Amino acid sequence: MSVTRRKVLAGSAAGAASLASGLASPAIAANEPLRIGFLPALTGPSSSTGVAMNRGTELAVKEINDAGGINGRKIELIVRDTQSDATKAVNAIAELTHRQKVHVVWGPLNSGETLAATPLCARDGIPMIQPCWVDTLIDVKKYPMAFRNAPTNMQIGNAANHYVMDVLKKKKVAVIGDNAGYATATVAAYVPLLKEKGATIAYQGNVDAANPDLKPELLRMRDAGAEAIMPWSVNAGFLARILNARGAMGWDVPVVGQTTLGSGQTKALLEKPENWEKVYSNNFKNCCYDGSGKLPEKAAAFREKLAKLKIDMSDTLLWWIAVGYDAPTLIAETVKAAGDTPKGITGYWNKLTNWGGIYASLTFTPEQHNGLPDAEVVMCQANSLKDGAFNIAPGYGA
Amino acid sequence: MLESIVSYGLAVGAVYALIGITYNVMFTASRVFSFTAGMLGMLGGVLGALFIDRMGMPAIVGLLLVLACGAVIGVITEIVAVRPVLRSIEQHLYVLSTLAFALLVAQFTAIEWGTDASPFPRLIPIDEGLLDQKFWIPMLACAATVLGLEFLYRRTLIGRAFLAIAEDSYAARALGLPEVRLRLASFALAGVIGALAGFAGGEMLLAFFGNQSILNFYGFVPVALGGMGNNRGAVVGGLLLGLFQQAANFLVGGIFASVAVFAVFIVVLLLRPEGFAGASGARRV
């Protein structure tokens with residue numbers, strides 16, 4: 001048989017066409033690992049969250065890979081420590097999307113870093129999922145591929161306001177923050193929400209975080225008839241001073257507010273353990289002990305697994321590890337069902353309904369990329385930490 | 001209310017006064033306005049908590065170690081941030097170098113110690129009386145420092161040498177006084193006083209790296225009010241500042257209390273730029 005130039009060209013064209021066709025690409029994709037770019041802050045001042053979430057993420061990836069991967073594809077977790085620094089997070093995002101060609105980004109895990117990184121991810125068209133609370137991080141028009149698997153600041157505020165007004169039935173509220181950016185913005189945002197719910201703001205103020213004596217402020221609150229104090233600050237020293245001043249005054253008023261109220265740093269600064277009574281901090285229903293002292297089924301099994309694997313929980317919170325575990329689990333399920341293309345991942349997430357993680361059940365729509373349901377943000381007893389989890393605050397019912 | 005204003009006001013004022021004295025001791029010996037005073041105060045609290053709380057040392061041993069560390073850091077400040085730039089013509093250079101050194105130490109502390117406030121131990125195991133120890137310890141430290149400095153400057157040879165350098169360094173050098181060694185000693189002394197300020201006020205201010213900026217500023221106010229280099233003025237200025245600040249906390253509250261302090265500070269400086277106790281210096285022409 002003679003081989004003519006026309007036949008060679010025709011054969012080559014057919015080969016090229018078959019390579020470019022839909023039949024060839026899954027074959028290549030099936031051989032390469034799924035690359036997840038992960039951006040925790042493992043060092044630096046804001047690393048406690050990142051260290052904990054990293055434990056959950058590494059565990060989930062190991063489990064998926066040990067079970068054979070996603071349809072035979074292994075997950076390659078490409079971790080870049082942001083060192084709690086937004087500049088490093090930006091550099092890491094650029095490296096992950098351009099050089100490492102990751103399929104999806106998980107993180108960063110601190111708001112400041114995510115504020116800087118999200119526009120870059122959007123520009124490069126890489127789907128990202130992140131757990132930071134700043135409301136503006138999610139904007140389906142500006143960042144159509146960015147999703148949140150944690151609450152927004154508004155959800156946190158609404159949960160606290162709901163607890164004060166609807167559960168504790170307190171109508172006169174004192175709202176206080178320090179003079180840092182987070183606290184001033186939060187107080188300004190949450191006070192209108194309280195007013196909308198019909199609360200009377202007996203006191204509203206921002207105080208120098210280093211002020212050693214907050215008794216004058218608490219006297220002002222008490223004189224104004226406040227029935228609950230809502231402090232918004234991430235400064236453990238500031239929060240402990242509020243609790244100590246309340247204790248010294250012998251004022252039996254509930255304190256309802258930020259997660260840091262229940263932190264070990266706050267505890268260490270209390271003058272008396274009693275000063276931690278009637279203090280309620282934000283938490284999440286799926287990772288709290290119920291009225292009978294039991295964790296929800298999934299969280300209990302997860303904690304048992306962590307204990308068996310000797311994953312350290314003494315210095316951290318269960319929900320942090322659970323968030324870290326849920327993210328790669330969701331990504332793996334997504335890629336299994338919809339492939340690894342940005343369009344496939346985003347399209348799958350846009351239709352995600354009540355996806356049951358350990359930490360949260362997520363629902364996204366094309367118009368709403370904040371996945372956590374309001375009802376899962378609750379208050380817990382700040383002084384009840386045991387094995388990484390807190391008791392749900394009284395009044396939520398069964 | 002009055003009780004709280006007086007107890008807290010005088011206690012915080014005593015810490016401010018000590019930081020003001022720290023500024024003065026460095027300034028009089030070198031004519032360098034070193035912004036490491038707040039850093040020394042911050043380290044006094046952090047190191048005190050480290051030695052006593054975390055390492056389990058007795059309070060007295062912790063105090064002595066803190067003071068020793070303060071002296072060493074004072075000496076390092078002089079060697080690293082003052083001496084190399086002291087001969088520069090532009091005066092602001094050494095202000096910047098001391099500020100840079102202070103920021104460097106603050107960042108190092110933040111990384112190694114953490115950015116959250118940590119508890120400072122109760123120094124004396126006694127119950128709260130009429131006036132708790134967290135109030136009277138800073139006052140006692142301030143009084144002891146003032147008396148000690150008076151004794152040093154008026155009754156000892158080295159103290160008189162300090163004064164001679166402060167009055168006229170050229171004449172003192174001409175008389176054979178070792179200016180460099182005396183300056184080094186004055187920075188060590190300032191280190192001790194600054195660290196003592198943070199240690200004595202630790203139960204109020206906690207062990208917190210963020211105290212540096214607060215102490216730097218509020219410690220500067222009594223110096224400005226009392227006159228540069230005037231320790232008695234710094235003590236009066238510091239105590240008045242503490243009382244006024246605490247009164248403003250009660251009467252105005254919130255961040256407006258700080259605004260009130262700044263407003264009064266600006267008004268006083270406009271009316272008397274040399275401070276209450278300072279004298280207008282004659283200018284050489």
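Modeller: Let's start with strand pairing: two strands count as a pair if DSSP finds at least two bridges between them. Keep in mind that this is a predicted model. Here, in β3(A), the bridge partner of A:Ile36 is A:Val104.

Biologist: How many bridges join strand β1 of chain A to strand β3 of chain A?

Modeller: Three bridges link β1 (residues 34–38) with β3 (residues 104–106) in chain A, and the two strands run parallel.

Biologist: What is the strand order of the open sheet in chain A?

Modeller: Read across the sheet, pair by pair. The order of the five strands is β2-β1-β3-β4-β5 (chain A), and the pairing is parallel. At the edges sit β2 (75–79) and β5 (146–148) of chain A, each of which pairs on one side only. From one strand to the next, the twist averages 25°.

Biologist: Which strands does helix α3 of chain A lie across?

Modeller: To place a helix on a sheet, look at the strands under it and then at the angle. Helix α3 (residues 47–66) of chain A lies across β1, β2 and β3 of chain A, at about 160° to β2(A). Helix α12 (residues 318–338) of chain A lies across β1, β2, β3 and β4 (128–130) of chain A, and runs at about 165° to β3(A).

Biologist: Let's zoom out. How many helices and strands does chain A have?

Modeller: Chain A has 13 helices and 15 strands. Its C-alpha trace spans about 105 × 40 × 35 Å along the principal axes. Of its 398 residues, 48% count as buried. As for contacts in chain A between residues at least 6 apart in sequence, 69% join residues at least 24 apart.

Biologist: Where is confidence lowest in chain A, and where is it highest?

Modeller: Helix α1 (residues 5–20) of chain A is lowest, at a mean of 46, while β3(A) is highest, at 98. For chain A as a whole the mean pLDDT is 89, and 92% of the residues reach 70 or more. Over residues 7–27 of chain A, pLDDT stays under 50, and the model has four contacts beyond four places in sequence for that stretch. Where pLDDT is low, the predicted coordinates should not be read in detail.

Biologist: Which domains does the assignment give for chain A?

Modeller: The domain assignment gives domain 1 (32–152 + 300–378) and domain 2 (154–287). The C-alpha centres of these two domains of chain A lie 31 Å apart. Their contact takes 15 residues from domain 1 of chain A and eleven residues from domain 2 of chain A. On the domain 1 side, α12 and β14 (377–381) of chain A each supply at least two residues. The largest share of that side, three residues, comes from α12(A). By class, the domain 1 side divides into eleven nonpolar, one polar and three charged residues.

Biologist: Why is strand β8 of chain A described as largely enclosed by the rest of the structure?

Modeller: Count its buried residues. Five of the five residues of β8 (residues 228–232) of chain A are buried, so the strand is largely enclosed by the rest of the structure. Both faces are covered, with A:Ala228, A:Met230 and A:Trp232 buried on one side and A:Ile229 and A:Pro231 buried on the other. Five bridges join strand β6 (residues 172–178) of chain A to β8(A), and these strands run parallel.

Technical notes. Residues numbered from 1 in each chain as written. Chains lettered and ligands numbered in written order. Predicted model: local features only at pLDDT ≥ 70, side-chain atom pairs only at ≥ 80, totals over all residues. Helix = DSSP H or I, 4+ residues; strand = E, 2+ residues; numbered from the N terminus. Buried ≥ 20, exposed ≤ 12 C-beta atoms within 10 Å, placed from the backbone. Contact = placed C-beta atoms within 7 Å. Axes fitted to C-alpha atoms, helices over the stretch in contact; angles between N-to-C directions. pLDDT = per-residue confidence, 0-100. Domains from an automatic or database assignment. Nonpolar A, V, L, I, M, F, W, Y, C, P; charged D, E, K, R; others polar.
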